[in-house]
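Here is a briefing on one protein chain. Please look over the sequence and the model before reading on.

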Amino acid sequence: MRQVAHRAGLPQPRLVEAPVAVAEHLLATGVQLPVGAFIVVCDIGGGVEVTVLRRGLSGFEVLATLADSAAGGTAVDHGLVGALLGDVNVAGGDAVAGVMMESVRAAKEALGAHPAVTVPLPDRPPVVANSAMLADAARSVPQRAAQLTQEAVAASELTIGDLAGLYCVGGSAYLPHLGKAIAEQIGITPVTPLEPGLAAARGAAGAGATE
């Protein structure tokens with residue numbers, strides 16, 4: 001990013017850690033986080049990244065971060081492919097497989113708002129994916145997110161009771177039963193802000209606007 005800005009003749013950018021940007025976005029949208037408060041940001045994108053932060057006088061401090069690149073949306077995509085197509089070979093090589101994964105990824109996102117969607121496939125007739133398939137493919141994600149939250153909180157020498165809030169963001173934060181499963185496992189109900197996939201970007205943009 002710094003090289004791109006330099007080559008474009010732009011000033012050097014200020015880099016903001018994604019969970020810090022999310023926390024700043026929460027403040028900007030009216031979430032009450034007093035100085036000294038501890039929060040967890042659970043970023044569920046292609047993988048899962050859980051960060052514990054403390055709000056200090058000059059901003060948010062990262063206390064601990066744990067991640068699992070195999071536990072987020074990418075794993076769900078592969079689970080949906082298996083549910084829709086079974087154990088079959090994809091004809092046409094990497095190009096067709098890439099188009100197929102994009103179709104399944106779009107269907108996964110659409111299932112956040114619709115009970116069933118049609119999935120176009122490049123080398124065979126379209127198939128129908130439903131919310132039950134998505135829930136089954138995503139079953140392990142909230143469990144892993146909850147586990148990483150517990151471990152990150154412990155690494156910060158805190159307890160779940162010390163937290164002022166747990167916030168789920170990222171492109172896969174809308175997965176079914178995510179909040180319920182995390183709440184059942186660790187005893188705190190997570191909050192998902194509006195348009196969770198944009199929370200970090202908006203927080204970073206807001207931080208730049210205050211420079």
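Which residue follows α2, and what is its phi? Glycine 30 follows α2, and its phi is positive, near 100 degrees. The model is predicted. The chain holds 8 helices and 6 strands.

**Overall layout**

- Read from the N terminus, the order of elements is α-α-β-β-β-α-α-β-β-α-α-β-α-α.
- Along the principal axes, the C-alpha atoms fill a box of roughly 60 × 50 × 25 Å.
- The chain has 211 residues, and 39% of them are buried.

**Nonpolar cores**

- In soluble globular proteins, nonpolar side chains tend to be buried together.
- The largest nonpolar core in this chain has 42 residues. Cys42, Val48, Val119 and Ile182 have the most contacts inside it.
- Helix α6, residues 140-155, gives this core its largest share, with 6 residues.
- A second core is separate and has 12 residues, including Val22, Ile39, Leu53 and Phe60.
- What does valine 119 touch, beyond residues up to four places away in sequence? The list is Leu84, Ser103, Val104, Ala107, Pro126, Val127 and Ala129.

**Helix α2**

- Helix α2 spans residues 18-28.
- Its buried residues include Pro19, Val20, Ala21 and Val22. Ala23, His25 and Leu26 are buried as well.
- Val22 also belongs to the second core.
- Glutamate 24 lies in this helix too, and is partly exposed at 30% relative accessible area.

**Charges and salt bridges**

- The chain carries 12 positive and 19 negative side chains. The centres of the two sets lie 4 Å apart.
- Side chains of opposite charge can pair when their charged atoms come close.
- The count of salt bridges comes to 6.
- Aspartate 77 pairs with arginine 105, with the closest N and O atoms 3.1 Å apart. Aspartate 77 sits in helix α3, residues 73-85, and arginine 105 in helix α4, residues 93-110. The two are 28 residues apart, and the pair links distant parts of the chain.
- Aspartate 77 also pairs with lysine 108, where the closest N and O atoms are 3.0 Å apart. Lysine 108 is in helix α4 and aspartate 77 in helix α3, so this pair ties together parts 31 residues apart in sequence.
- Is aspartate 77 buried or exposed? Its relative accessibility is 1%, so aspartate 77 counts as buried.
- Lysine 108 is buried too, because its relative accessible area is 4%, under the 20% cut-off.
- Arginine 105 counts as partly exposed, at 26% relative accessibility.
- Arginine 202 and glutamate 195 meet in a salt bridge with an N to O distance of 2.8 Å. Arginine 202 is partly exposed at 38% relative accessible area. Glutamate 195 is partly exposed at 47%.
- Which residues do salt bridges with shared partners join into one network? They are Asp77, Glu102, Arg105 and Lys108.

- Glutamate 24 touches Gly59 and Phe60, not counting residues up to four places away in sequence. Phe60 is part of the second core.
- Where is valine 35? Valine 35 is in the loop between α2 and β1, the latter being residues 38-44.
- Valine 35 counts as partly exposed, with 46% relative accessibility.
- Valine 35 is in contact with Arg55, Gly56 and Leu57, leaving aside neighbours within four places in sequence.
- The C-alpha atoms of valine 35 and serine 58 are separated by 9.2 Å, and the two residues are 23 residues apart along the chain.

Methods: Residues are numbered from 1 along each chain as its sequence is written. This is a predicted model: local features need pLDDT of at least 70, side-chain atom pairs count only at pLDDT 80 or more; totals for chains, interfaces and linings use all residues. Side-chain values use heavy atoms; hydrogens and water are left out. Helices (H or I, at least four residues) and strands (E, at least two) are DSSP runs, numbered from the N terminus. Buried means under 20% relative accessible area, exposed over 50%, partly exposed in between (1.4 Å probe, protein chains only). Lys and Arg count as positive and Asp and Glu as negative; His and the chain ends are not counted. The place of a charge is taken as NZ of Lys, CZ of Arg, CG of Asp or CD of Glu. A nonpolar core is a set of buried Ala, Val, Leu, Ile, Met, Phe, Trp, Tyr and Cys residues joined through side-chain atoms within 4.5 Å. Contact means heavy atoms within 4.5 Å. A salt bridge is a side-chain nitrogen of Lys or Arg within 4 Å of a carboxyl oxygen of Asp or Glu.
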